[in-house]
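This report walks through one protein model, from a single contact list out to the whole chain. Please have the structure open while reading.

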Amino acid sequence: LELASRGASDLKWYAMAVLYSEIKVDEGWTLAAYQNSSIFCTLEGVGCLSDRFLRIDFSRRGVSGTIPPEIGLLTDLDVLSLASNSVMRGTIPTEIGLLVHLKHFSTNGGKLVEGTIPSEIGRLRSLETLNLDFMEKLKGLIPTEIG
C-alpha cells in the first residue's frame, strides 16, 4: 500500500484499519469488509463527523493487543479510551503526541503499558484527562512535559 499518494481520509481509514486489527476488536473481521472510513463509523464505540474519527471508546470490550504507531494518523481524535481491557499489552507509542485535539486518554485497568510514559504526551495541550491507573508495568517518572 503506497501511503504517500493517498488522501487524508484514506490515511485515516488505513490507521483505523490497523488499529482495529492490532487491538483485535473483532476476531472475524477482514480488511476487505472495511474499504472506507464510513464503515468504521458505524461500529460500536467509534464516533465520527463526516470522514473524521472523533472518538474511539473500546472500554470494557475485551479487546487485546497493542496500540499501533498508526494511531498518530487519527489527528482529529478527542477521546481514546481502551480502559478496563485486561489483555492489552505493549507500550504507548510516541505517535500519541500527534493527537493534538485529544482531550481524554485512558488505558487503565490492564497490563497495557510496558516501559515509560512517552514524553510526547506533553504535546497534547487539549488533554483534560490522562488515566493510566493500575498500569503494573509502567516504569520511571511522569515526564516533566506533562503539565
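Met-16 is in contact with Phe-40, Val-46, Phe-53, Ile-56, Phe-58 and Leu-74, with neighbours within four places in sequence set aside. Contact means heavy atoms within 4.5 Å.

Met-16 is also among the residues with the most contacts inside the largest nonpolar core, together with Phe-58, Leu-74, Leu-77 and Phe-105. That core has 32 residues. Helix H1 (8–22) and E2 are the elements that give two or more residues to this core. H1 gives the most, with eight residues. A nonpolar core here is a set of buried Ala, Val, Leu, Ile, Met, Phe, Trp, Tyr and Cys residues joined through side-chain atoms within 4.5 Å. In soluble globular proteins, nonpolar side chains tend to be buried together.

## Model and confidence

The model is predicted; local features need pLDDT of at least 70, side-chain atom pairs count only at pLDDT 80 or more, and totals for chains, interfaces and linings use all residues. Residues are numbered from 1 along each chain as its sequence is written, and side-chain values use heavy atoms, with hydrogens and water left out.

The mean pLDDT (the predictor's confidence in each residue, from 0 to 100) is 78 for the protein. Of its residues, 71% reach 70 or more. Confidence is highest in E4, at a mean of 93, and lowest in helix H2 (residues 37–40), at 69. Over residues 1–5 the pLDDT is below 50. That stretch has four contacts in the model beyond near neighbours in sequence.

## Overall layout

The protein has two helices and seven strands. Along the sequence the pattern is α-α-β-β-β-β-β-β-β. Helices (H or I, at least four residues) and strands (E, at least two) are DSSP runs, numbered from the N terminus.

Of the 147 residues, 44% count as buried. Buried means under 20% relative accessible area, exposed over 50%, and partly exposed in between (1.4 Å probe, protein chains only). Among contacts between residues at least 6 apart in sequence, 59% join residues at least 24 apart.

## The open sheet

Five strands form an open sheet in the order E1-E2-E4-E6-E7, with mixed pairing. Strands E1 (46–49) and E7 (129–131) stand at the edges. Each has a single partner strand, so one side of each is left without a neighbour in the sheet. Two strands pair if DSSP finds at least two bridges between them.

E1 pairs with strand E2 (residues 52–57) in the antiparallel sense, over four bridges. Leu-49 has Arg-52 as its bridge partner in E2.

Ser-81 lies in strand E4 (residues 79–81). Ser-81 counts as buried because its relative accessibility is 9%. Its side chain makes a polar contact with the side chain of Ser-59, at 2.6 Å. A polar contact is a pair of N or O atoms within 3.5 Å; within protein, one must be able to donate a hydrogen and the other to accept it, and residues adjacent in sequence count only if both atoms are side-chain atoms. Not counting residues up to four places away in sequence, Ser-81 touches Ile-56, Asp-57, Phe-58, Ser-59 and Ser-106.

Phe-58 sits in the loop between E2 and strand E3 (64–65). Phe-58 is buried, at a relative accessible area of 0%. Gly-65 is found in strand E3. Gly-65 is buried too, with a relative accessible area of 0%. Gly-65 and Glu-22 are 43 residues apart along the chain, yet their C-alpha atoms are separated by 5.7 Å.
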